[in-house]
Amino acid sequence: MPGTEFLLLRLEAPLMAFGGPMVDHIGQTRSFPGQAQITGLLGNALGYRHRDTDALDTLQRRLLFAAALVRPGEPLRDYHTVDLSRKHLTGTGWTTRDMAETRGGASGESTHIRHRWYLADALVLVALTLVPGDVAPSLDDLATVLDCPARPLFIGRKPCLPTAPIRLGKVRVADAKAALHEAQLLLAQTGPVGQAGERGKDTCIRVEADARLASDTTPNDEEADRVVDRRDWRNQMHTGQRAVRRFSMQRVAELAR
């Protein structure tokens, strides 16, 4: 059967974060999800742990996807402080990975200030495929674990819990743009989703797609870029670049205002 099989995801939450360059204590967010983030989301559903670096790295290499901003959301900054000198915060504590951790150094018992940026009320559709597709985990495996994940799922940061099931469906179509079109149709069947903008003026949706998913037709407004969103899972840092293309696609009538 011709075409490519895509798994369709719905990323929606009151707050979500898509990572970005970290400058001192300021945590940015991009408008689109990155490759490491989608890998981490799927790895979490599969039950992978941080130490499963080979499995995470293999999944990341196989992953190709495109994302569409159905609702771009509004930037929101979370400002918070913590005084680590308080008695109940000094000494050894427990991490979310069930490991003991002791703070130390010059800032171990000082006041820490953090700025974390989020997208409020955003809705992003993702069409992903795996290359090669005939090894585990398959798209069917991913669809299954997204419905029944090994651990609770979050979109970017742990407080960012999804407000709707993440798995939207699976399709076999010509390319990623067609897959996102089908994702819009499936999304419309779930009920009103709303979007920003004046009535009649939000007929287009912005898309970021892996350059390897580019179709034969080039949109007039397409722009090429490179993003640093691949993770070195063994050393826990982002180091790898990925070529992407951004363009606009038509919003389906069922989602138009």
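**Ground rules.** I am working from a predicted model, in which local features need pLDDT of at least 70, side-chain atom pairs count only at pLDDT 80 or more, and totals for chains, interfaces and linings use all residues. Residues are numbered from 1 along each chain as its sequence is written, and side-chain values use heavy atoms, with hydrogens and water left out.

**Helix contact.** Two packed helices are described by the angle between their axes and the distance between the axes. I looked up helix 1 (residues 35-46) and helix 3 (residues 139-147): their axes come within 8 Å and cross at roughly 70°. Helix 1 is therefore roughly perpendicular to helix 3 (the term covers 65 to 115 degrees). The axes are lines fitted to C-alpha atoms over the stretch in contact, with angles from 0 to 180 degrees between N-to-C directions. Helices are DSSP runs of H or I with at least four residues, strands are runs of E with at least two, and both are numbered from the N terminus.

I then listed the residues in contact (heavy atoms within 4.5 Å). Leu-42, Ala-45 and Leu-46 of helix 1 meet Leu-142, Val-145 and Leu-146 of helix 3. By class, the contact has six nonpolar residues, no polar and no charged ones; Ala, Val and Leu are among the residue types that count as nonpolar.

**Salt bridges.** I searched the whole structure and found 18 salt bridges, each a side-chain nitrogen of Lys or Arg within 4 Å of a carboxyl oxygen of Asp or Glu.

Asp-54 pairs with Arg-234 at 3.2 Å, N to O. Asp-54 lies in helix 2 (residues 53-62) and Arg-234 in the loop between strand 11 (223-232) and strand 12 (237-250), so this pair ties together parts 180 residues apart in sequence.

Glu-12 is buried at 11%, and Arg-10 is buried at 12%.

In the pair of Lys-170 and Asp-140, the closest N and O atoms are 2.0 Å apart. Lys-170 is in strand 9 (residues 167-173) and Asp-140 in helix 3, so the link spans 30 residues in sequence. Lys-170 is partly exposed at 33%, and Asp-140 is partly exposed at 45%.

Last, I recorded a network of salt bridges that links Arg-30, Arg-206, Glu-208, Asp-221, Glu-223, Asp-225 and Arg-246.

Notes
Parallel < 35°, antiparallel > 145°, perpendicular 65-115°, else oblique. Buried < 20%, exposed > 50% of the residue type's maximum accessible area, 1.4 Å probe, protein only.
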